[in-house]
Amino acid sequence: MRTFGQLLVRGLIVGLFAGLLAGTFAYVMGEPRVDAAIAIEEANAGAHTHDHGDEHAASSSEEEAPLVSRSGQKAGLFLATGLSGVALGGIFAVGFTLLRRKLRTGNDAYAALGLAAAGFIGIVLVPFLKYPPNPPAVGDPETITRRTVTYLLTIVIGLLAVCAGVALSRWAARYGDVARLAGGVVGLVVTVVAAYLILPRINEVPDTFPATLLWQFRFASLGTQATLWLLLGFGYAATVARRPSEQKVNA
Amino acid sequence: MAAPAQSVTVPAISSRLLLLSGLSVALLLLLAYLVGFDQGAVSQSGMYLHELMHDGRHLLGVPCH
């Protein structure tokens, strides 16, 4: 048996590496799109620099040097993804510790992979499909609070939808394997679709923003998060999995 | 019905475990907040950390300006 501390530290370390590698993916696939979007933003706002200022009030007299240069922000990307990885990895480890006994598999590695899949669906995929992430130059600064609240709400709904899927899947299991899988899909999808219909529609993409760039940015963002969760899942599975030799001793 | 958990590696649920879990998650959520949403109130760095992690926020799918 492993202590809570051991399980948590593994999650933090695996999360850090997953975050840094996701940052590498984001640097290669995402940064060119962010640069392109910022070029559009700057063209739209005249010579206004990208500093989160009120763009409506942007005027040349208010212009000042950005707090962090573009190259600084590209380095900060790794800080952001690394810290996110640590946070998610730690929360994942706590979730694994508390939920392990409820997961119906004798294999710890499978349990970790299942939990990572659930986390990716609930925390990434469900919010992504309702409120796809936007590059700079998209989004009205005045609605940021509303968009942040609805985004966090979709994470909560995503996790609840996963729980609904698991619950329905377990209930349907008495009717066979196909019913078990179908129950999981139905529970998840029905919850998500119902929530999508209720949640407000938000579309702030300007008509002039290039559709291809938007698509490429969103794909890079999804890829970044998928990289993080894939590595977190497999990395954590590897750290809790027993080596074949260890298994024989304990069996 | 449930497959027997043959290799349970996790400690048994206890009030101590729940307390540690709660504290850890609270701290980690604070860290996530720092990356995703803080605008200087928590970091006490003005907008510096916020701006530094700007690209990461966008690419991690967090709503941003």
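Residues 17–37 of chain B are 95% helix and 0% strand, with the end C-alpha atoms 29 Å apart. Helices here are DSSP runs (H or I, at least four residues), strands are E runs of at least two, and both are numbered from the N terminus. UniProt, in an unreviewed entry, lists this span, 17–37 of chain B, as a "transmembrane region". UniProt positions follow the numbering used here, feature names are shortened, and annotations may be inferred rather than shown by experiment.

A word on ground rules: this is a predicted model, where local features need pLDDT of at least 70, side-chain atom pairs count only at pLDDT 80 or more, and totals for chains, interfaces and linings use all residues. Residues are numbered from 1 along each chain as its sequence is written, while chains are lettered from A and ligands numbered from 1 in the order in which they are written.

## The rest of chain B

Chain B has three helices and zero strands, so to speak an α-α-α run when read from the N terminus. Of its 65 residues, 35% count as buried. Buried means 20 or more other C-beta atoms within 10 Å of a residue's own, exposed means 12 or fewer, and partly exposed is in between; the C-beta atoms are placed from the backbone.

In the loop between helix 1 and helix 2 of chain B you'll find B:Gln44. B:Gln44 isn't a glycine, yet its phi is positive, at about 60 degrees. B:Gln44 is exposed, with 9 other C-beta atoms within 10 Å.

## Where the chains meet

Chain B puts 38 residues into the contact and chain A puts in 54. Two residues are in contact if their C-beta atoms, placed from the backbone, lie within 7 Å. On the chain B side, helix 1, helix 2 and helix 3 (54–59) each supply at least two residues. Helix 1 of chain B gives the most, with nine residues.

By class, the side of chain B that touches chain A has 25 nonpolar, ten polar and three charged residues. Ala, Val, Leu, Ile, Met, Phe, Trp, Tyr, Cys and Pro count as nonpolar, Asp, Glu, Lys and Arg as charged, and the others, Gly among them, as polar.

## Chain A and its two domains

Chain A splits into domain 1 (1–46 + 70–138 + 211–251) and domain 2 (139–204); the bounds come from an automatic or database domain assignment. The C-alpha centres of domain 1 and domain 2 of chain A lie 19 Å apart. Ten residues from domain 1 of chain A and 15 residues from domain 2 of chain A make the contact. The domain 1 side of chain A that touches domain 2 has seven nonpolar, two polar and one charged residues.

For chain A, an unreviewed UniProt entry gives "transmembrane region" for several spans, among them 110–129 and 219–238. Residues 110–129 of chain A are 100% helix and 0% strand, with end C-alpha atoms 26 Å apart. Residues 219–238 of chain A are also 100% helix and 0% strand, and the end C-alpha atoms of that span lie 28 Å apart.

## The nonpolar core

The largest nonpolar core has 64 residues, and those with the most contacts inside it are A:Phe92, A:Ala112, A:Leu232 and A:Tyr236. Such a core is a set of buried Ala, Val, Leu, Ile, Met, Phe, Trp, Tyr and Cys residues joined through C-beta atoms within 7 Å. Elements that each supply at least two of its residues include helix 1 (4–44) of chain A and, from chain B, helix 1 (15–36) and helix 2 (48–52). Helix 2 of chain A gives the most, with twelve residues. Domain 1 and domain 2 of chain A each put at least three residues into this core.

Zoom in on A:Tyr236: leaving aside neighbours within four places in sequence, A:Tyr236 is in contact with A:Arg10, A:Gly11, A:Val14, A:Phe92, A:Phe96 and A:Ala112.

## Two spots in chain A, and a caution

A:Ala137 is in the loop between helix 3 and helix 4 of chain A. Its phi is near 85 degrees, a positive value in a residue other than glycine, and A:Ala137 is buried, with 25 other C-beta atoms within 10 Å. A:Val190 is in helix 5 of chain A and counts as partly exposed, with 14 C-beta neighbours inside 10 Å.

Chain A has a mean pLDDT (the predictor's confidence in each residue, from 0 to 100) of 90, and 90% of its residues reach 70 or more. Over residues 53–62 of chain A, though, pLDDT stays under 50. Where pLDDT is low, the predicted coordinates should not be read in detail.
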